[in-house]
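Okay, thanks everyone, I'll keep this short.

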Amino acid sequence: QGCPNQRLCAAGAAPDPAEAAELRTRLRSVKHTVLVLSGKGGVGKSTFSALLARGLAARDDKQVALLDIDICGPSVPRMMGLEGEQVHQSGSGWSPVYVEENLGVMSVGFLLSSPDDAVIWRGPKKNGLIKQFLRDVDWGEVDYLIIDTPPGTSDEHLSIVQYLSAAHVDGAVIITTPQEVSLQDVRKEINFCRKVKLPIIGVVENMSGFICPKCKNESQIFPPTTGGAEKMCQNLNISLLGKVPLDPQIGKSCDKGQSFLAEVPESPATSSYLSIIQRIQEYCDLQHSQEEKII
Amino acid sequence: LPLWSAERSNLAGVQHVLLVLSGKGGVGKSTVATELALALRVAGKRVGILDVDLCGPSIPRMFRVQESAVHQCDSGWVPVFAHQDKSISLMSIGFLLEKPDDAVVWRGPKKNALIKQFVSDVAWGELDFLIVDTPPGTSDEHISTVEALRPHKPLGAILVTTPQAVSVGDVRRELTFCKKTGLRVLGIVENMSGFVCPHCSECTNIFSKGGGEELAKHAGVPFLGSVPLDPQLSQSLEDGRDFIQEFPKSSAFPALAHIAQQILDGTSPRSS
């Protein structure tokens, strides 16, 4: 059971020229690719990826794809309300699972038959599946490909950057929470991006303060003891895309597979998310127009 | 005795090895590992922590020893001694990095090699408990750690989750990992379970509530308790302070102390 093409999972070496060409062909129809990264786990990468995808797909004329390469802990299917869905194969490859007509999703979660199934794979097997996700999924014409990643700087991250080198990546959005325990890992991720020459669109500070619904006083549950993302971005000369406060409704809507942006439009967290999404869209549009000038 | 055996090894003086796992990232594995170590210390136990999170090593900072370096001795690597009285021994890749912001961008085989060294080459000496803090997931680090520890018969694993379904969904898979690798599940901890506003005492379930307890029931494993969100705990971890000694009245203290007590009860000579 598990992946339908297990025997095709090869060792995770850099793509050979033929493979690179194959990936380039498949990804030619993708206009913008954004990676969502963090050195730290549990800061809200999947939450953000899901909302970014939904936010971008709010425009009917845009085609959005959400690819979840967290092989051990695939959160995206649940967050998109697609638990229990399976992947179908067609002549042109694997079909993504569609939330809306213009929003398709792919995740290892769709390949597992039970919620208790564990994917206990070493690096090479994980790399093989990631390559398949890029090569065999028939996304069609896509305006935005959002890629959700697991925490860290390991096989999945090296591989996705290597495989995507055949295509164009607009950049990475890095998620953090305010406290130093997160920032110390996020700085490593930023270093990783610089090492592999992945442009950084900016940083999002999640779980940035909590406003008590009863007395309206603010508590810093994850205290920014070293200045939070703001200070880090200043020090490293990176854009701070925005700060998102804690809102219990975020977790709830993720659990229910609903869009927080649609369910709780009046939340301060919603305005933060929307403004951040807007900035990412603007960044991508700028890349596009710069490329057109070069061509 | 054969040339190599568990009896001769660097873990020969360690009474109990226990792992802290979670399928999910950011739920509080390192926090639970740290607080458990501090609580066991108060109970008079000699404790060590082995941090096998190679990409995001949190343990050094949580004990305010992030500047420390590792030295060698005849039997291997000397652990870093933390706490005012040097009563807690630590090993982490954090101590081996030249610059703290250096990313460890390693594929599986290199990670596996270091983990094997961490398990066999650290001269822990006599310890009552060795707590192994892990990264999230079910991959190279976890497979290698369990394989390397197998001859030393670990006591088992504590699984940490936060209450919401998205976390519990990953931790279910970690339970399968434990089953498949023959690792006993000592119990589940539900962390970040509710937040009591320090201004008005209103409790808000920021990350929902009850998911960890339900999972324990569903899976037939012990439920070790719910730990609430506690800004004083977060602050202690940031500053590398001893939360257990310094903040016994704080909201997370009772639950953390109770977890430690259950581990002690499970390993006392009377229990078998």
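This is a predicted model: local features need pLDDT of at least 70, side-chain atom pairs count only at pLDDT 80 or more; totals for chains, interfaces and linings use all residues.

I'll go through the interface between the chains, and then the aromatic pairs.

Chain A puts 59 residues into the contact and chain B puts in 55. Between them they bury about 4800 Å², with 55% of that on carbon and sulfur atoms. On the chain A side, the residues losing the most area to chain B are A:Ile120, A:Arg122 and A:Lys188, together 15% of what that side buries.

A:Arg122 comes up again in the salt bridges. The rule finds five of them across this interface, and one pairs A:Arg122 with B:Asp140, with the closest N and O atoms 3.3 Å apart. For polar contacts, the count between the two chains is 28 residue pairs. Several elements of chain A supply at least two residues each to that side, including helix H4 (123-136) and helix H5 (155-164), but H6(A) gives the most, with nine residues. By class, the chain A side has 24 nonpolar, 20 polar and 15 charged residues.

Now the rings. How many aromatic pairs turn up over all chains? Six. Take A:Phe210 and B:Phe195: they're edge-to-face, 5.5 Å centre to centre, with 90 degrees between the planes. A:Phe210 sits in strand S10 of chain A and B:Phe195 in strand S10 of chain B, so this pair joins two chains. A:Phe210 counts as buried at 2% relative accessibility, and B:Phe195 counts as buried at 1%.

Then there's B:Phe243 with B:Phe247: centres 6.0 Å apart and planes at 35 degrees, so that pair is tilted. And over in chain A, A:Phe48, A:Phe260 and A:Tyr273 form one aromatic cluster.

Key: Residues are numbered from 1 along each chain as its sequence is written. Chains are lettered from A and ligands numbered from 1 in the order in which they are written. Side-chain values use heavy atoms; hydrogens and water are left out. Contact means heavy atoms within 4.5 Å. Buried area is the accessible area (1.4 Å probe) that two parts lose on being put together, summed over both. A salt bridge is a side-chain nitrogen of Lys or Arg within 4 Å of a carboxyl oxygen of Asp or Glu. A polar contact is a pair of N or O atoms within 3.5 Å; within protein, one must be able to donate a hydrogen and the other to accept it, and residues adjacent in sequence count only if both atoms are side-chain atoms. Helices (H or I, at least four residues) and strands (E, at least two) are DSSP runs, numbered from the N terminus. Ala, Val, Leu, Ile, Met, Phe, Trp, Tyr, Cys and Pro count as nonpolar, Asp, Glu, Lys and Arg as charged, and the others, Gly among them, as polar. Rings of Phe, Tyr and Trp (its six-membered ring) pair if their centres lie within 6.5 Å; planes under 30 degrees apart count as stacked, over 60 as edge-to-face and the rest as tilted. Buried means under 20% relative accessible area, exposed over 50%, partly exposed in between (1.4 Å probe, protein chains only).
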